[in-house]
Amino acid sequence: MARRSRCGSIGRHDGHRAIHADRLVLRKAHPTDRDALVELSTDPKVRAHLGGPHPREAVERRLDETGTAHATSEPGSYVIADKTTDEAIGLIDLDRRPAHRPGHVVTGGGELELSSVLRRPFWGAGLAAEATAAVLRAAAAELPDQPVLIVTQTARALAARLGFDEVDTFPEFDAQQTLAVAALHAFRSRPAPDRRVPGRVIARGLDRGVSRVAVGLGGGGWGRGGSG
Ligand SMILES: CC(C)(COP(=O)(O)OP(=O)(O)OC[C@H]1O[C@@H](n2cnc3c(N)ncnc32)[C@H](O)[C@@H]1OP(=O)(O)O)[C@@H](O)C(=O)NCCC(=O)NCCS
């Protein structure tokens, strides 16, 4: 099958809709993901700019209490898994950035915000970019056009490769964060993660009012949690 038609295509996984990309499937978490979830929360390098690593005991206790499924219980949250082996290699989350946090492109905030983490052995292979493009392509098929944000210290290259434009910097969590923005519908027909499109001008002018829209992936809406 051609790359274009697979990137961001949607299929069923464990009763939820999974998103398929070339090398990846984005799906909800299940119990065999436990070790990967612990690794993502405890690895000092993965967590270096995300508030630092969590203590292993605390992470394991939380997983015991909540179950692995809790890690991706929000509608826009997925495990990034290897398409061939189903091994969990990361997490991706499309949520809404709350108004009380800095870094917005529309009055009142609540824009879609994309974040991702990969286990260290999987860095440097274009997998985060592939997962991001697939999630945004799936979201773009269901939601009206609107800005999507990436707020990061470390993922600037990833954002640029995907056609996000840097529009601001601001301090948060004792660090300087970069705010990058793209138009959601730029991902509707984008076959590869490295094609650039002009995001800044489009995104600034978009109408939002989208948080009211309930869409069907996984039986819920995109980014309704608002936890940022
Ligand atoms: C942010 C993070 C997910 C990015 O992962 P990544 O693998 O570097 O990102 P990408 O998927 O864009 O991969 C790009 C790299 O893969 C390389 N690559 C190899 N094959 C590729 C392919 N087929 N397509 C695209 N890139 C490819 C690129 O050259 C690039 O390498 P470089 O970084 O040495 O220049 C990862 O570093 C991470 O988990 N960091 C910690 C968590 C964090 O800070 N997250 C940010 C919150 S938004």
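Visitor: Is Asp-174 buried or exposed?

Guide: Asp-174 is exposed, with a relative accessible area of 87%. Buried means under 20% relative accessible area, exposed means over 50%, and partly exposed is in between (1.4 Å probe, protein chains only). Before we go on: this is a predicted model, where local features need pLDDT of at least 70 and side-chain atom pairs count only at pLDDT 80 or more, while totals for chains, interfaces and linings use all residues. Residues are numbered from 1 along each chain as its sequence is written, and side-chain values use heavy atoms, leaving out hydrogens and water.

Visitor: Where is Asp-174 found?

Guide: Look at the loop between β8 (165-172) and β9. Such labels are DSSP runs numbered from the N terminus: helices (H or I) have at least four residues, strands (E) at least two.

Visitor: What is phi of Asp-174 near?

Guide: Most residues other than glycine have a negative phi. For Asp-174, phi is near 60°, a positive value in a residue other than glycine. Asp-86 also has a positive phi, near 70°. That residue lies in the loop between β4 and β5 and is partly exposed, at 27% relative accessible area.

Visitor: Now for a helix. How many residues does α4 have, and how far does it reach?

Guide: The expected span of a helix is 1.5 Å times one less than its number of residues. With 14 residues, α4 reaches 20 Å from its first C-alpha to its last, close to the 20 Å expected. This helix is mostly covered, too: 14 of its 14 residues are buried.

Visitor: Which residues touch the most other members of the largest nonpolar core?

Guide: In soluble globular proteins, nonpolar side chains tend to be buried together. A nonpolar core here is a set of buried Ala, Val, Leu, Ile, Met, Phe, Trp, Tyr and Cys residues joined through side-chain atoms within 4.5 Å. The largest one has 36 residues, and Leu-26 and Phe-164 touch the most other members. Elements giving two or more residues to this core include β3 (24-27), β5 (88-96) and β9 (175-183). α4 gives the most, with 11 residues.

Visitor: What does the side chain of Gln-146 make a polar contact with?

Guide: A polar contact is a pair of N or O atoms within 3.5 Å; within protein, one must be able to donate a hydrogen and the other to accept it, and residues adjacent in sequence count only if both atoms are side-chain atoms. The partner is the side chain of Arg-96, at 3.2 Å. A polar atom of the Gln-146 side chain also lies 3.0 Å from the backbone oxygen of Pro-144. Gln-146 sits in the loop between α4 (127-140) and β7 (147-152), and is buried at 1% relative accessible area.

Visitor: How far apart are Ala-29 and Val-79 in space?

Guide: They are 5.7 Å apart, C-alpha to C-alpha, although 50 residues apart in sequence. Ala-29 lies in the loop between β3 and α2 (34-42) and is buried, with a relative accessible area of 10%.
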